[in-house]
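Here are my notes on this model. Please read them with the structure open.

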Amino acid sequence: MLFIPSPFFNLSNRISRGVRKLATMSLTSHSSTFLLPNLPTDDGPSLTYALVILNQSLPKFTPLLWKHAKVHICADGGANRVFDELPGMFPHEEASEIRKRYKPYAIKGDMDSIRTDVLDYYRGLGTKIIDESQDQDTTDLNKCVTYIRDSLNPEHPNLCILVTGALGGRFDHEMGNINVICCFPSMRIILLSDDSLIQLLPSKHHHKIHIQSSVEGPHCGLIPIGMVAGRTSTTGLQWNLDNTEMRFGGLVSTSNIVKENIVTVQSDSDLLWTISIKKD
């Protein structure tokens with residue numbers, strides 16, 4: 001007797017396999033403690049932060065990120081921002097002292113945006129200058145993440161890269177920066193502006209997001225990226241998802257609201273998590 005599987009049988013098999021896959025995923029925790037004045041010491045394995053500064057206006061909390069980071073890298077014209085804008089965040093101190101205190105470890109990129117006077121200044125302070133002008137196929141952020149991955153990741157397995165200047169300005173630049181975090185799904189990379197942050201939630205993990213309500217929220221969103229998110233479930237939001245499909249041209253979870261101290265997310269596709277950053 002010939003057995004011909006019905007469409008319902010095939011659909012049931014696919015759902016069953018998807019449920020088994022979700023059940024075996026590992027749990028990954030996230031927390032924006034880097035926005036707090038002091039990093040907690042009793043919050044599990046500590047992360048090592050690297051700071052990448054792009055060529056957009058510096059967020060007001062840049063000195064805080066600098067303090068938490070172990071290494072500081074400017075992507076090309078990001079060095080102009082450090083040179084020009086950081087002294088203004090310390091109006092009662094000499095600009096020359098601030099520039100010496102906030103000296104980047106390296107400047108990397110295709111060097112089409114950094115001013116000559118800024119390049120010469122930091123070279124004189126001993127900053128490593130890495131000219132990648134021969135590579136026009138990757139963005140300056142991609143170049144910096146690759147450098148951090150290759151030079152720091154083996155030494156610091158719990159590495160998290162914080163990126164300022166990644167949001168705002170030209171839309172194609174923003175999309176290029178989002179593409180970078182999708183190119184490195186196994187690395188923790190957080191894109192930051194004064195208003196919000198974005199990070200990738202890879203589908204191979206369940207995600208537990210500890211909300212730092214004193215500095216972030218309540219507005220948030222979950223955005224499918226690159227493909228349809230067939231089944232996404234959440235807890236801790238005003239409008240939770242329950243095995244919900246999300247796609248562009250259909251439902252996308254924007255303008256959601258954090259309601260609990262912990263938000264959980266699981267999905268069969270990679271998602272972008274975004275949350276607002278509170279003003280002082």
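Predicted model: local features only at pLDDT ≥ 70, side-chain atom pairs only at ≥ 80, totals over all residues.

Accessible areas here come from the Shrake-Rupley method with a 1.4 Å probe. On that basis, the chain has an accessible surface of about 14300 Å². Carbon and sulfur atoms hold 53% of that surface.

1. The chain contains 7 helices and 15 strands. Of its 280 residues, 49% are buried.

2. Main core. Nonpolar side chains tend to be buried together in soluble globular proteins. The largest nonpolar core here has 48 residues. Those with the most contacts inside it are Phe34, Leu162, Leu192, Leu222 and Trp273. Which strand gives the most to this core? That is β15, residues 271–277, with 4 residues.

3. Another core, of 31 residues, lies apart from the largest one. Its members include Leu54, Leu159, Ala166 and Phe184.

4. Trp273. Leave aside residues up to four places away in sequence. Trp273 then touches Leu197, Ile198, Gln199, Leu201, Ile209 and Ile211, among others. Its list of contacts also includes Cys220, Gly221, Leu222, Leu237, Val258 and Val263. Trp273 is also one of the residues with the most contacts inside the largest core.

5. Cavity. How many cavities of 30 Å³ or more does a search of the whole structure find? The count is 1. The largest cavity has a volume of about 40 Å³. Its lining consists of His30, Ser31, Ser32, Leu197, Gln199, Ile209, His210, Glu216, Trp273 and Ile275. Strands β1 (26–31), β8 (196–201), β9 (205–210) and β15 each give two or more residues to this lining. By type, the lining has 4 nonpolar residues, 5 polar and 1 charged.

6. Second largest pocket. This pocket holds about 450 Å³ of space. It is lined by 24 residues. Closest to its centre are Asn55, Thr139, Asp140, His173 and Asn177. Helices α6 (140–152) and α7 (171–183) are the elements that give two or more residues to the lining. Which of the elements gives the most? It is α7, with 5 residues. The lining divides into 12 polar, 8 charged and 4 nonpolar residues.

Key: Residues numbered from 1 in each chain as written. Heavy atoms only, no water. Buried < 20%, exposed > 50% of the residue type's maximum accessible area, 1.4 Å probe, protein only. Core = buried A, V, L, I, M, F, W, Y, C linked by side-chain atoms within 4.5 Å. Contact = heavy atoms within 4.5 Å. 1 Å grid on protein atoms, 1.4 Å probe; cavity = no way out; pocket = protein on both sides within 12 Å on 5 of 7 lines; lining within 4 Å. Points joined across faces, edges and corners; volume = space filled by probe spheres on them. Nonpolar A, V, L, I, M, F, W, Y, C, P; charged D, E, K, R; others polar.
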